[in-house]
Amino acid sequence: MLSTITTFTSYSPRRTLRSKLVEVKEVEVVEEVEEMFAGFSRTDTENDNIINEANEEEKKWWDELSYENIDKKRLPLRLTKNVKLEEYIEKSEIADAGKFWNFDAGNVTVVELPNPDHEVAHTQFTRQFLSAFSNVAIQDDVDNIAGTSCIDGASAKQPDAAFVPVRLPKPSPYPCDLQGNPWPTIVCEVANTQSLSSIFQKVNEFWLRPNRAEDVIVLKLWPWNGLRNAGGNPLRRLTCYKFCCRLSRHLRSGYRPIRVIEFGTVDSQQRPINNCSARGMCILRISPSCIYLRCPGTPPYPLTNDVSIDLYNIQQAIFRKM
C-alpha cells in the first residue's frame, strides 16, 4: 500500500470543493515531501549524537528534584547512569519528570525541560480527544495513561498523552508494564526543547514497535524569536506530524509521517502563513479503527466518526503562555 501524507501551509476562505476534499483525504507522497524528510539533518534537527554529562548542579534534578540549574542548550543531558529500572520508575514518578527523561540501559537522559508551552499543548490535545467519548458506554471509553511509564526491556518512557481503550484485555498478550496493562493505541508527544530527530527516534524505536501504538502525534514547538504580528500573535512555527503504523512508509531510517500540518504563524523559512488563523482551518483526524485497534468485538466501532483535533485551539493555548 502506498504511504500517504498531507501537508498544509496556506489557506484561503474561498476554497473549492475539490481542495476541501483534499484536506480530508490523505494524498500520495510526492518527491518534494520525501526530499523534505531526507533533509531533516540539514535543516530541522540538531546534532543528537552528542550527549552532555551533567555537572553537580545539573544532577540536582535527580538528587533533589530541582531542574532550575539546567540550560536547554545543554540537552540532551545525561543525569545519571547505572540506574535500575525500579529506581528510575519510582524517582520519575516522584519528580513527575518521566515525560522529560529517557531511560535506556541504566542511563537517565534529559531530553526536554518543563515549560508552560509544553504543558498546555498536550493538555489541550487531551481535552479535545477525550471529549469525543463523552457519550459512549463505559466499556467503549478510553483511559489516558499520561504520567505512566511504559517499559520495553531495559527502556522506559512516559508519554505526554496516551490513550488505551477499556476494551483491550488485561493481562495483555502485549503488556506495556509489569502489571500486564496493554500498550496505548494513540500517543501524543510534544517536543519543545527536544529536537525533531530525537522525538522521531523515540517514535520509531519505542512507540511504533510491533503490537504497540497505532497512531503517534508529534507536536513540535519550534524556537520563538520574540517577534509578533500586527494582531499581537507570536510569529512562531508550530508543526504537527502524524504517524500511523499501518499507513506510514517504513524506510530503513524509520517510519515517515503520513500527515504534516503547519499550525503556527510562520513556516520553516519564517515566512508568515495564515492557514491556521481561525477554528476549523487546521483539523487533525484520528480514525476509530486506529483507536480501537486489537479490541475484541470490533469492527464495528463504538465511534462512527473520526476524532477531530482542532489545532487552532492548541495554537491559541500555546500563544496565551507566550
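Strands, as I use the word today, are DSSP runs of E at least two residues long, numbered from the N terminus. With that in hand, hello everyone, and please keep in mind that this is a predicted model.

Let me start with E262, which lies in strand β15. Is E262 buried or exposed? With a relative accessibility of 7%, E262 counts as buried, because the cut-off for that word is under 20%. The side chain of E262 has a partner there: a polar contact of 2.9 Å joins it to the side chain of T239.

Now to another charged residue, K242. You will find K242 in strand β12, which covers residues 238–244. K242 is buried, yet it has no salt bridge. Which side chain of opposite charge is nearest to K242? That is D215, 4.0 Å away. What K242 does have is a backbone oxygen close to hand: the one of R285 lies 2.7 Å from a polar atom of the K242 side chain.

On to salt bridges. As a reminder, side chains of opposite charge can pair when their charged atoms come close. How many salt bridges does a search of the whole structure find? The search finds 14. I'll walk you through a few of them.

Take R74 and E58, whose side chains meet in a salt bridge at 2.8 Å, N to O. This pair links distant parts of the chain, 16 residues apart: R74 sits in the loop between α4 (60–63) and β3, and E58 in the loop between β2 (52–53) and α4. R74 counts as partly exposed, at 25% relative accessibility, while E58 is buried, with a relative accessible area of 3%.

The next pair is K99 and E119, where the closest N and O atoms of the salt bridge are 3.0 Å apart. Here, too, distant parts of the chain are linked: K99 is in the loop between α5 and β4, E119 is in helix α6 (residues 116–131), and they are 20 residues apart. In this pair the lysine, K99, is buried at 14% relative accessible area, and the glutamate, E119, is partly exposed at 24%.

Then there is E214 with R246, a salt bridge whose closest N and O atoms are 2.7 Å apart. E214 is buried, with a relative accessible area of 3%, whereas R246 counts as partly exposed at 47%. Salt bridges can also share partners, and that is how D152, R209 and R212 are joined into one network.

Which residues form a positive surface patch? They are R127, R279, R320 and K321. Of these, let me pick out R279, whose place is in the loop between β15 (259–262) and β16 (283–286). R279 is exposed, with a relative accessible area of 66%.

For contrast, have a look at Q194. Its place is in the loop between β10 (186–191) and α7 (196–207), and at 4% relative accessibility Q194 counts as buried. The C-alpha atom of Q194 is separated by 5.1 Å from that of E112, although the two residues are 82 apart along the chain.

Last topic: backbone geometry. Most residues other than glycine have a negative phi, and most peptide bonds are trans. Now for some departures from that.

N82 has a phi near 60°, a positive value in a residue other than glycine. N82 is found in the loop between β3 (77–80) and α5 (85–95), and it is exposed, with a relative accessible area of 73%. A105 also has a positive phi, of about 50°, although it is not a glycine. A105 lies in the loop between β4 (101–104) and β5 (107–110), and it is exposed as well, at 61%.

And where are the cis peptide bonds I want to show you? One joins T298 and P299, with omega about -10°. Another runs from P299 to P300, with omega near 5°. P299 is found in the loop between α8 (288–291) and β17 (307–310), and P300 lies in the loop between α8 and β17 too.

How values were computed: Residues are numbered from 1 along each chain as its sequence is written. This is a predicted model: local features need pLDDT of at least 70, side-chain atom pairs count only at pLDDT 80 or more; totals for chains, interfaces and linings use all residues. Side-chain values use heavy atoms; hydrogens and water are left out. Helices (H or I, at least four residues) and strands (E, at least two) are DSSP runs, numbered from the N terminus. Buried means under 20% relative accessible area, exposed over 50%, partly exposed in between (1.4 Å probe, protein chains only). Lys and Arg count as positive and Asp and Glu as negative; His and the chain ends are not counted. A polar contact is a pair of N or O atoms within 3.5 Å; within protein, one must be able to donate a hydrogen and the other to accept it, and residues adjacent in sequence count only if both atoms are side-chain atoms. Patches are made of residues with over 30% relative accessible area and no salt bridge: like charges are joined within 9 Å, nonpolar side chains (Val, Leu, Ile, Met, Phe, Trp, Tyr) within 5 Å. Accessible areas come from the Shrake-Rupley method with a 1.4 Å probe; for residues, only the protein chains shown count as cover. The place of a charge is taken as NZ of Lys, CZ of Arg, CG of Asp or CD of Glu.
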